[in-house]
Amino acid sequence: EIRAAEACTAVALAGAGPLGLVHVGVRRRRDSRSTRRGPSAHRELRIYMRVRVRVAQLLLLPLLLIALPLLLWRRAPAEATVASSVVAIEISGAARGRSSLAATAAALGSHVMQPAAGRGFTVLVWLEDAPSEAFLESAFGRTPTLTRLRAQSQLPPDLSTPTDALLAAAGLPEALGRVERNTLRMLRKMAGCEWLRRHAEAERAFPSATLVLRTRPDLLLTAPLPLPPTLPASASAVYAPWHCASAGLAFDQLLAATAASAPLLQRLFGEALANASSALASAPVPSVAFSTTTSSSSSSSSLASRLYPEALLWRHLRPSPWPCSAAGSCGLRGVLA
């Protein structure tokens, strides 16, 4: 029995290995019962258990230190995939009240953001007035949002100058038709939103977007909108829910563009302004409104056709059809709120 106890002690010491030597004295007892039940035996048992726990701790700590970097390394590709697919929602136009803005933000959350939960989202806002921008920013909650109001001090001169002042400087008359003037204002806001996105990404305030979704502040989606697939950063593509090539028209209330094609949205205003100036220079008669009848003057018809929103977007963007979802859902379902 004494030899067996010594052998067990030797095994315990050998189990400790190079991590440390612990001397456990074993008192030789002639009486096996006293060896098992005596105070000294209990003390030796406690020491033995402490040694076992300490050895386990010393063995597990290096394993944890080795396993933790491996676990983090295995998680990195999934996180990089999510971060590399970001949709920038650009909302520009004239607001129609807080109830309309709240409904638009809720619909974008339900029908765009939630169905595409694997993508990241940022929001850029350029509206007519600062209170509407602030309200819409609050409606998006934790989604990163940048408004014209917040970036006011950093805007370049061509965006900080009022639109009507730019039109006057370009030689466009005060009697410019309502449709033409509203079209130029719409394009100016689109250009401002795209500048906000590129500025925020250049300053590393926002992650770089792979897709840009442009919409109006009063377009209320009523069904999930399938987003175009993520394409390489160098791919050029513009999508519209509706277009007619034979008529030269494209839907202007909502469109999507890849990161490579999105800067076209910023150049549309300058190109439209130059077209309007050249049309008036050739025949300086101000347009009253867009009309498909022959009663308009040649100058009015020329200017109106150059600034008609659907015709202008088709001429400069030539969008592709909106892709369908994996479930076969196609097109846009929504109303103006």
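The largest nonpolar core of the structure has 37 residues, and those with the most contacts inside it are L184, L187, L196 and L268. A nonpolar core is here a set of buried Ala, Val, Leu, Ile, Met, Phe, Trp, Tyr and Cys residues joined through side-chain atoms within 4.5 Å; buried denotes under 20% relative accessible area, exposed over 50%, and partly exposed in between (1.4 Å probe, protein chains only). The structure is a predicted model, in which local features need pLDDT of at least 70 and side-chain atom pairs count only at pLDDT 80 or more, whereas totals for chains, interfaces and linings use all residues. Residues are numbered from 1 along each chain as its sequence is written, and side-chain values use heavy atoms, with hydrogens and water left out.

Helices (H or I, at least four residues) and strands (E, at least two) are DSSP runs, numbered from the N terminus. Helix α8 supplies the largest share of this core, 9 residues. Apart from its neighbours within four places in sequence, L184 is in contact (heavy atoms within 4.5 Å) with L167, L172, L176, F269, A272, L273 and L307. A second, separate core comprises 28 residues, including I89, I91, V125 and A256.

The strands form an open sheet of 7 members in the order β3-β2-β1-β4-β9-β6-β10, with mixed pairing; two strands pair if DSSP finds at least two bridges between them. At the edges lie β3 (145-147) and β10 (320-321), each of which pairs on one side only. Strand β2 pairs with β3 in the parallel sense over 3 bridges, and V125 stands opposite T147 in β3. The pairing of β1 with β2 is also parallel and extends over 7 bridges, with I91 opposite V125 in β2. In β2, 7 of 7 residues are buried. The cover extends to both faces of β2, with G120, T122, L124 and W126 on one side and F121, V123 and V125 on the other. In a regular strand the side chains alternate between the two faces of the sheet.

Strand β4 (211-215) is likewise mostly covered, with 5 of its 5 residues buried. L211, L213 and T215 point one way from β4, while V212 and R214 point the other way. Strand β4 pairs with β1 in the parallel sense over 5 bridges, the bridge partner of A88 being V212. With β9, in contrast, β4 pairs in the antiparallel sense over 5 bridges, and T215 stands opposite L254 in β9.

Helix α4 (residues 98-113) has 16 residues and reaches 21 Å from its first C-alpha to its last, close to the 22 Å expected at 1.5 Å a residue; the expected span is 1.5 Å times one less than the number of residues. The buried residues of α4 are S100, L101, T104, A105, A107, L108, G109, H111, V112 and M113. These residues pack against β1 (86-92), β2, α5 (130-139), β4 and β5 (219-221). The axes of α4 and α5 come within 9 Å and cross at roughly 35°. Such axes are lines fitted to C-alpha atoms, for helices over the stretch in contact, and the angles run from 0 to 180 degrees between N-to-C directions. The crossing of α4 past α5 is right-handed, that is, the near helix is turned clockwise from the far one by less than a right angle. R98, L101, A102 and A105 of α4 make this contact with S132, F135, L136 and A139 of α5.

Helix α11 contains E310. E310 and D252 are 58 residues apart in sequence but 5.6 Å apart in space, C-alpha to C-alpha. Not counting residues up to four places away in sequence, E310 touches G248, L249, A250 and D252.

Positive phi values occur in two loop residues other than glycine, R204 and R318. R204, in the loop between α8 and β4, has a phi near 60° and counts as exposed at 77% relative accessibility. R318, in the loop between α11 and β10, has a phi of about 45° and is exposed, with a relative accessible area of 52%.
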